[in-house]
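Please keep the sequence and the coordinates at hand while reading.

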Amino acid sequence: MNPKVKSLLDAVNQLYPGTVMSRVDTENTGALHIDRVNQEILGQRLLIEIAEETESDFLLANELLKILLTFNGITPQVFFALTFKDDKLDEQLIQIATRMHRVVVHAITYRELAKKQMLTQQTADAYLAGVQSELTPENGDLDDESLWRLLMVLDALVFADNLVEASDFTAVLANKYPLAYTAAQKLVESILKADLKQSRQIRHQMVTLFVGVDEVLASWGKPTVNAKEYVTLTSVLSQRQLALPVNQVFTIFHSEMTDFQTKKTAYVGLNKGDEQNSFVITPPENEADRPAFFKALYAMKVSELFKKLALPYIERV
């Protein structure tokens with residue numbers, strides 16, 4: 001293990017209420033697959049598994065940085081509290097939303113890895129090999145793979161932004177996946193320009209990407225993801241907002257989806273600032289009890305609501 005990776009692992013272990021370990025498979029294909037990292041909780045231990053040896057130090061360091069950002073309350077997280085009662089559809093939407101969330105987080109972690117000189121030309125070659133092994137080239141038309149190309153090219157452009165010389169790297173993306181590349185270039189621009197040191201800005205870029213991807217899909221005549229409603233994103237709130245009643249910060253509306261935990265009708269709390277799903281709640285089954293329930297809910301302080309829901313939030317500095 002690279003000493004720089006060991007240092008990151010030690011930093012995570014200082015914060016984790018147990019022990020964080022890693023395991024790396026011995027297979028080396030020469031292709032880096034950014035998704036092939038799994039976390040498994042074994043009692044008080046957290047095991048990070050890297051599926052192959054190719055650029056395993058880079059992959060492990062990237063995962064450790066993401067964990068550190070979460071523990072330090074910097075990056076908003078995504079939660080999936082709603083369901084369409086269709087496992088296949090839910091799984092697909094979760095994968096899509098997770099990839100979009102990851103693009104913004106990687107704009108932070110890739111930059112940090114480049115500073116640590118862990119993002120080398122060898123890493124870039126392996127990353128590009130991984131993209132090409134997972135995607136078929138475009139044939140000039142939109143197809144069933146178009147969205148996945150867009151999501152992978154988005155991440156690739158975030159990666160490329162940290163290369164000393166990226167022209168050959170991006171030329172391959174532009175030539176093989178022109179439709180995805182053109183759309184991704186526009187979507188990634190604000191992420192790369194943003195100050196991603198503040199949680200509020202990070203959340204803003206995540207919401208902006210959710211909207212932007214839907215706009216691309218609509219222009220392609222494809223079904224949209226609607227992650228603004230489907231995905232619960234960690235709230236970033238000021239002390240003033242936390243002390244306000246719920247009705248001044250959130251709008252609560254009836255969703256066509258179902259609360260994943262209760263399996264009952266879901267109501268979604270949308271942040272009035274960006275209209276992003278911030279919490280999901282189930283009202284009493286008895287219709288007669290609902291007016292009093294919602295009246296009390298709207299009058300409740302925001303901090304009290306999040307405590308009641310046991311839902312984490314980030315306090316804005």
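A cavity is here a set of grid points where a 1.4 Å probe fits but cannot get out. The model is predicted, and the structure holds one cavity of 30 Å³ or more.

**Cavity**
- The space in the largest cavity amounts to about 90 Å³, and the elements that give two or more residues to its lining are α3 (87-115), α4 (121-134) and α5 (146-160).
- The largest share of that lining comes from α4, which supplies four residues.
- Sorted by class, the lining of the largest cavity has five nonpolar, two polar and five charged residues, and among the lining residues are His-33, Asp-35, Arg-99, Arg-102, Glu-134 and Asp-155.

**Nonpolar cores**
- The largest nonpolar core has 86 residues, of which Leu-150, Leu-154 and Phe-169 touch the most other members.
- Not counting residues up to four places away in sequence, Phe-169 touches Ala-124, Tyr-127, Leu-128, Ala-156, Phe-159, Ala-160 and Leu-163.

**Lys-66**
- Lys-66 is placed in helix α2 (residues 56-71), and because its relative accessible area is 18%, under the 20% limit, Lys-66 counts as buried.
- With neighbours within four places in sequence left aside, Lys-66 is in contact with Arg-102, Val-105, His-106 and Thr-109; Arg-102 also belongs to the lining of the largest cavity.

Definitions and conventions. Residues are numbered from 1 along each chain as its sequence is written. This is a predicted model: local features need pLDDT of at least 70, side-chain atom pairs count only at pLDDT 80 or more; totals for chains, interfaces and linings use all residues. Side-chain values use heavy atoms; hydrogens and water are left out. On a 1 Å grid over the protein atoms alone, a cavity is a set of points where a 1.4 Å probe fits but cannot get out, and a pocket is an open set with protein on both sides within 12 Å along at least five of seven lines; lining residues have an atom within 4 Å of a point. Grid points are joined across faces, edges and corners, and a volume is the space filled by probe spheres set on the points. Ala, Val, Leu, Ile, Met, Phe, Trp, Tyr, Cys and Pro count as nonpolar, Asp, Glu, Lys and Arg as charged, and the others, Gly among them, as polar. A nonpolar core is a set of buried Ala, Val, Leu, Ile, Met, Phe, Trp, Tyr and Cys residues joined through side-chain atoms within 4.5 Å. Buried means under 20% relative accessible area, exposed over 50%, partly exposed in between (1.4 Å probe, protein chains only). Contact means heavy atoms within 4.5 Å.
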